[in-house]
Amino acid sequence: MSSIHIPTLFRRLRKAVEPLPKAAMFELHDEGYTTAFEQLVACIISIRTRDEAMIQMARALFGRARTPAEIAALGIADVDAVITASAFHQAKSRQIVEIARRVRDGHGGGLPCDREVLLSLPGVGPKCANLVLGVACGEARIGVDIHVHRVTNRWGYVRAATPEKTMAQLEQKLAKRYWIEINRLLVPFGKHVCTGRLPKCSTCPVLDMCEQVGVTEHR
Ligand code: SF4
């Protein structure tokens, strides 16, 4: 069992990430891209793609088309041309336009805050569904990406082989008021402090609560 005191841990994490760039979807939300549809499109672009590149592509795409009707009208080739620096951009552009068409035709033009609907759309898995529900809809959901998965396992707070299993364990252990925030904090924390290789343990603000599971070398 880890000796983690969650309120203290979150307080320190908030302070640690204050000077760091925000997690991409939260940044886009703060810039006014607040709809569930915009957040979903951003999340799809972000898969296997660096946050910095995703933000630029999302801004460029939304500069041309933001609503499902506008993106459906733009078409696959034009969407692809904007997101071409994204991994799997051809598949993603097909998915994005197909989602736009379905939402335009089947949901009154706006994507509902409904997990089942989100998961029924092409290319949408639990991570993006939960991030959209958390960031755009304000629903208590845990968006477990690679950073949340890696860091919470290093703490010893969860012991899970996959992000999906980490999500299930976090849902059991973590109080709901932290569910949206944990992604917002651990994306920048995972990118800049608890990095994949050589985490910065010697200056880490939560070292005293961390079991450093699996960490063999650190800075
Ligand atoms: S002590 Fe090291 S492993 Fe633990 S959270 Fe900090 S940087 Fe990550």
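Start by selecting the ligand: by class, the shell around it holds 10 nonpolar residues, 1 charged residue and no polar ones. Keep in mind as you go that this is a predicted model.

**Stop 1: the ligand shell.** Show side chains for R154, W155, F189, C194, P199, C201, C204, V206, L207, C210 and V215, which surround the ligand.

Stop 2: The space it takes is the largest cavity, with a volume of about 100 Å³. Of the 15 residues that line this largest cavity, those closest to its centre are C194, P199, C201, C204 and C210. Next, colour helix α10 (residues 146-155), which gives the largest share of this lining, 3 residues. Sorted by class, the lining of the largest cavity comes to 12 nonpolar, 1 polar and 2 charged residues.

Colour α9 (126-135) and α12 (179-192), each of which supplies at least two residues of the lining of the second largest cavity. The largest share, 4 residues, comes from α9. By class, this lining has 5 nonpolar, 4 polar and 1 charged residues.

Finally, colour by domain: domain 1 (6-20 + 141-209) and domain 2 (24-135) each give at least three residues to the lining of the second largest cavity.

Methods. Residues numbered from 1 in each chain as written. Predicted model: local features only at pLDDT ≥ 70, side-chain atom pairs only at ≥ 80, totals over all residues. Heavy atoms only, no water. Near = heavy atom within 4 Å. 1 Å grid on protein atoms, 1.4 Å probe; cavity = no way out; pocket = protein on both sides within 12 Å on 5 of 7 lines; lining within 4 Å. Sits in = over half its atoms within 2 Å of the grid points. Nonpolar A, V, L, I, M, F, W, Y, C, P; charged D, E, K, R; others polar. Points joined across faces, edges and corners; volume = space filled by probe spheres on them. Domains from an automatic or database assignment.
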